[in-house]
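Visitor: Please walk me through this one. I would like to ask about it piece by piece.

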Amino acid sequence: MARLLKCYGTCNNKYPKEELRSFKGKNYCNSCYEEQLNETAGRNQLYSVIKEYYNISYPTGFMLKQIKEFHNDRGYSYQIMAYTIKYIADFHKNIKLEQKYGLSIIPHFIDEARNFIYRTKILKEQTNSINLDTTKKVKAKAKNMTRNNGINRTINMEDLINE
Ligand SMILES: [Zn+2]
């Protein structure tokens with residue numbers, strides 16, 4: 001039997017060596033490998049947004065620490081963090097994104113940014129969908145069709161004998 005190797009990703013499973021793919025010297029199953037690629041792409045994208053909007057050559061040590069904490073402890077995705085920075089820059093022009101404060105502003109605006117994404121998505125869906133009025137289905141009244149007139153049709157054998 002082929003020796004099974006542990007996937008380094010989040011699935012916690014073991015696989016035959018030939019089913020695993022190497023990423024940065026570690027073995028991953030196919031889906032965890034894809035996940036790693038997405039995570040890395042998302043993180044790199046966040047770094048570019050930070051570089052652009054904070055006008056710095058690379059996120060500071062404090063920022064990197066915050067990213068890790070927000071991602072691991074608060075469950076923020078890299079995408080939503082990047083989006084929140086852009087959102088603040090676009091919709092709160094009075095707020096200056098300053099390097100010295102790191103990314104401390106993200107938690108204050110993340111819900112607002114999420115809400116905005118949500119509302120934009122709904123609006124898009126409404127615009128894109130052809131209104132076929134499928135929601136106006138006539139609700140047939142659930143009439144109780146079972147006729148139970150209360151007559152007990154069981155024949156009492158005693159009565160038959162006594163007649
Ligand atoms: Zn895996």
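Visitor: Which residues of helix 3 and helix 4 meet?
Guide: From helix 3, the residues are Ile80, Met81, Tyr83, Thr84, Tyr87 and Ile88; from helix 4 they are Ile106, Phe109, Ile110, Ala113, Arg114, Phe116 and Ile117. Contact here requires C-beta atoms, placed from the backbone, to lie within 7 Å. By class, this contact has eleven nonpolar, one polar and one charged residues. Ala, Val, Leu, Ile, Met, Phe, Trp, Tyr, Cys and Pro count as nonpolar, Asp, Glu, Lys and Arg as charged, and the others, Gly among them, as polar.

Visitor: What kind of model is this, and how are residues numbered?
Guide: It is a predicted model, in which local features need pLDDT of at least 70 and side-chain atom pairs count only at pLDDT 80 or more, while totals for chains, interfaces and linings use all residues. Numbering starts from 1 along each chain as its sequence is written.

Visitor: At what angle do helix 3 and helix 4 cross?
Guide: Their axes cross at roughly 90° and come within 9 Å. Helix 3 is therefore roughly perpendicular to helix 4. Axes are lines fitted to C-alpha atoms, for helices over the stretch in contact, with angles from 0 to 180 degrees between N-to-C directions. Angles under 35 degrees count as roughly parallel, over 145 as roughly antiparallel, 65 to 115 as roughly perpendicular and the rest as oblique.

Visitor: And how do helix 1 and helix 3 cross?
Guide: The axes of helix 1 (residues 30–53) and helix 3 (residues 78–91) cross at roughly 20° and come within 8 Å, which means that helix 1 is roughly parallel to helix 3. Their crossing is left-handed, that is, the near helix is turned anticlockwise from the far one by less than a right angle (clockwise would be right-handed).

Visitor: Which residues meet there?
Guide: Gly42, Arg43, Gln45, Leu46, Val49, Ile50 and Tyr53 of helix 1 meet Tyr78, Gln79, Met81, Ala82, Ile85, Lys86 and Ala89 of helix 3. The residues of this contact comprise nine nonpolar, three polar and two charged.

Visitor: Where does Ala82 lie, and what does Ala82 touch?
Guide: Ala82 is part of helix 3. Setting aside residues up to four places away in sequence, Ala82 touches Gln45, Leu46 and Val49. Ala82 counts as buried because 20 C-beta neighbours lie inside 10 Å. The cut-offs are 20 or more other C-beta atoms within 10 Å for buried, 12 or fewer for exposed, and in between for partly exposed, with C-beta atoms placed from the backbone.

Visitor: How many residues has the largest nonpolar core?
Guide: That core has 17 residues, and those with the most contacts inside it are Leu46, Val49, Ile50, Ile67, Met81, Ala82 and Ile85. Helix 1, helix 2 (61–73), helix 3 and helix 4 (106–128) each give two or more residues to this core. Helix 3 supplies the largest share, seven residues. Another core, of five residues, lies apart from it and includes Cys7, Leu20, Tyr28 and Cys29. A nonpolar core is a set of buried Ala, Val, Leu, Ile, Met, Phe, Trp, Tyr and Cys residues joined through C-beta atoms within 7 Å.

Visitor: Which residues does Ile85 touch?
Guide: Beyond residues up to four places away in sequence, Ile85 touches Val49, Ile50, Tyr53 and Leu97.

Visitor: Changing topic, how many helices and strands are there in the chain?
Guide: There are five helices and four strands, in the order β-β-β-β-α-α-α-α-α along the sequence. Helices (H or I, at least four residues) and strands (E, at least two) are DSSP runs, numbered from the N terminus. Of the 163 residues of the chain, 15% count as buried.

Visitor: Which phi values are positive in residues other than glycine?
Guide: Asn12 is one of them, with phi near 65°, and Asn55 has phi near 55°. Most residues other than glycine have a negative phi. Asn12 is located in the loop between strand 1 (4–6) and strand 2 (14–16), and Asn55 in the loop between helix 1 and helix 2.

Visitor: Is Asn12 buried or exposed?
Guide: Asn12 counts as exposed, with 8 C-beta neighbours inside 10 Å. Asn55 is exposed too, having 10 other C-beta atoms within 10 Å.

How values were computed. Two residues are in contact if their C-beta atoms, placed from the backbone, lie within 7 Å.
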